[in-house]
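Reader: I'm new to reading structures. Can we go through this one together?

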Amino acid sequence: MTLLHRDPQAPQVWAGELPVTNRYTYGIAGEKFFRTLKDEARILGTHCPNCDHTYVPAAIFCERCLSKLDEWVDVGTIGDIVTYTFLHVDLEGNRLAKPEIVAFIRLGDGGLVHLLGEIEPDQVEIGLLVEAVFKSKSKRSGSILDIRYFKPAG
Ligand SMILES: [Zn+2]
């Protein structure tokens, strides 16, 4: 097996711009998902009765059977860590004083990638239950960042 090692002489970052413009819309499912996040601090999925599969974030069509999905379910604000990673440098390549922790958190049959907070790096483990911490209602804008981070539950 060959291990690939990063060239220590390589720059940490390349500064520049990509001339890409686009406009992303949330779509019908995303609009309701983010509106409920903003207005009610709840996380919604959609359930496919054919496949008994709950999509999080909500989807409007089932990827498996292509059914249109209109059964909305509140999946709660607590999920378990499926995988995680530590970020030791910022976008400029500067070493962070404290690593940021990013995790994939299972909710329904899907989940969200988000930051962890109120936790020390050595406390993070796969399977740990974590709970969404929302911004105050006046600060929420209908974005995934309306959730500040997930913290250990309970
Ligand atoms: Zn289905």
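Author: Start with a term: buried means under 20% relative accessible area, exposed means over 50%, and partly exposed lies in between. Tyr 84 has 30% relative accessibility, so Tyr 84 counts as partly exposed. Keep in mind that this is a predicted model.

Reader: And Phe 86, is that buried, exposed or partly exposed?

Author: Phe 86 counts as partly exposed, because its relative accessibility is 28%.

Reader: How many aromatic pairs does a search of the whole structure find?

Author: Two aromatic pairs. In one of them, the rings of Phe 33 and Phe 34 have centres 5.1 Å apart and planes at 90 degrees, so that pair is edge-to-face. Tyr 84 and Phe 86 also form an edge-to-face pair. Their centres are 5.7 Å apart, with 80 degrees between the planes.

Reader: Back to Phe 33 and Phe 34. Buried or exposed?

Author: Both are buried.

Reader: New topic. Which residues coordinate the zinc ion?

Author: Cys 48, Cys 51, Cys 62 and Cys 65. Each uses its SG atom, at 2.2 to 2.4 Å.

Reader: How are those donor residues spaced in sequence?

Author: The spacing is C-x2-C-x10-C-x2-C. Take Cys 48 and Cys 62, which are 14 residues apart and link distant parts of the chain. Cys 48 is in strand β1, while Cys 62 is in the loop between β2 and β3. Cys 48 and Cys 62 are buried.

Reader: Why is the zinc arrangement called tetrahedral?

Author: The four donor atoms subtend angles of 103 to 113 degrees around the zinc ion, which makes the arrangement tetrahedral. For four tetrahedral donors, the ideal angle at a metal is 109.5 degrees.

Reader: Now Asp 80. Where is Asp 80 found?

Author: In strand β4, residues 78-89. Asp 80 counts as buried because its relative accessibility is 18%, and the cut-off is under 20%.

Reader: What does Asp 80 touch?

Author: Leaving out residues up to four places away in sequence, Asp 80 touches several residues, including Phe 104, Ile 105 and Arg 106. Gly 127, Leu 128 and Leu 129 are also among them.

Reader: Tell me about Ile 105. Which strand is Ile 105 in?

Author: Strand β5, residues 95-107. Ile 105 has a relative accessible area of 0%, so Ile 105 is buried. Beyond its neighbours within four places in sequence, the contacts of Ile 105 include Gly 79, Leu 112, His 114, Val 130 and Phe 150.

Reader: How far apart are Ile 105 and Ile 60 in space?

Author: 21 Å, C-alpha to C-alpha. In sequence, Ile 105 and Ile 60 are 45 residues apart.

Methods. Residues numbered from 1 in each chain as written. Predicted model: local features only at pLDDT ≥ 70, side-chain atom pairs only at ≥ 80, totals over all residues. Heavy atoms only, no water. Donors = N, O, S within 2.8 Å, 3.2 Å for Na, K, Ca; no water. Tetrahedral: all angles 85-135°; square planar, octahedral: opposite > 155°, others 65-115°. Helix = DSSP H or I, 4+ residues; strand = E, 2+ residues; numbered from the N terminus. Buried < 20%, exposed > 50% of the residue type's maximum accessible area, 1.4 Å probe, protein only. Contact = heavy atoms within 4.5 Å. Phe/Tyr/Trp six-rings, centres within 6.5 Å; stacked < 30°, edge-to-face > 60°.
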